[in-house]
Amino acid sequence: PASTPPPAPPGTEPASPPPPAAPPPITPGDEVGPRVTGETAETANEGLSTAPLVAEAAVEYVKMKDHPDYARFFRMERMGVPTQAVKNRMALEDIDSAILDNPDAPAYPT
């Protein structure tokens, strides 16, 4: 016959089961899928809106010559400072001097 464990002595409680293991932490790149078994991507999204969750803000670009970080170099040129001297100053400040060649190029806003 099958053996059974001996009964616990009177006044003692049986050992409690170990606590459940913690789930592994979610790291960037992990895919989190449906929690309900049998659910597919098609059925999980039924009835949900397809509108974007966050409204995308329209980013307005300014011209390089109007950007606050570069406007002073274009001003130096307008005041008569030789272009090479302006490019040398830009190089001293680790700014790409090719910006002077295309003043109407779009620049990211500040």
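Let me begin with Tyr61, which in this predicted model is partly exposed, with a relative accessible area of 46%. You will find Tyr61 in the loop that runs between α1, residues 41-44, and β1, residues 62-63. Together with Val59 and Tyr108, Tyr61 makes a nonpolar surface patch of about 370 Å².

Before going further, a word on confidence. The average pLDDT of the protein is 77, and 62% of the residues score at least 70. Among the elements, α1 has the lowest mean pLDDT, at 60, whereas helix α3, which covers residues 83-92, has the highest, at 95.

From the surface, let us turn to the interior. As a general point, nonpolar side chains in soluble globular proteins tend to be buried together. In this model the largest nonpolar core has eleven residues, and these are Met64, Tyr70, Phe73, Phe74, Val86, Met90, Ile95, Ile99, Leu100, Ala105 and Ala107. The elements that contribute two or more residues to this core are α2, residues 71-78, and α3.

Now to the charged residues. How many salt bridges does the structure hold? There are four salt bridges in the structure, and I would like to take you through some of them.

One of them is formed by Asp104 and Lys63, whose closest N and O atoms are 3.9 Å apart. This pair links distant parts of the chain, since Asp104 lies in the loop between α3 and β2, residues 106-107, while Lys63 lies in strand β1, 41 residues apart. Both ends can be described in terms of accessibility: Asp104 is partly exposed at a relative accessible area of 43%, and Lys63 is partly exposed at 38%.

Asp104 also forms a salt bridge with Lys65, and here the closest N and O atoms are 3.4 Å apart. Again distant parts of the chain are linked, with Lys65 in the loop between β1 and α2 and Asp104 in the loop between α3 and β2, 39 residues apart. Lys65 counts as partly exposed, at 34% relative accessibility.

A further salt bridge pairs Glu93 with Arg72, the closest N and O atoms being 2.2 Å apart. Here too the pair links distant parts of the chain, for Glu93 is in the loop between α3 and β2 and Arg72 is in helix α2, 21 residues apart. Glu93 counts as partly exposed at 31% relative accessibility, and Arg72 counts as partly exposed at 36%. Returning to Asp104, salt bridges that share partners join Lys63, Lys65 and Asp104 into one network.

I will finish with a detail of the backbone. Most residues other than glycine have a negative phi.

How values were computed:
Residues numbered from 1 in each chain as written. Predicted model: local features only at pLDDT ≥ 70, side-chain atom pairs only at ≥ 80, totals over all residues. Heavy atoms only, no water. Patch = residues over 30% accessible without salt bridge, like charges linked within 9 Å, V, L, I, M, F, W, Y side chains within 5 Å. Areas by Shrake-Rupley, 256 points an atom, 1.4 Å probe, with all protein chains shown as cover. Salt bridge = Lys/Arg side-chain N within 4 Å of Asp/Glu carboxyl O. Helix = DSSP H or I, 4+ residues; strand = E, 2+ residues; numbered from the N terminus. Buried < 20%, exposed > 50% of the residue type's maximum accessible area, 1.4 Å probe, protein only. pLDDT = per-residue confidence, 0-100. Core = buried A, V, L, I, M, F, W, Y, C linked by side-chain atoms within 4.5 Å.
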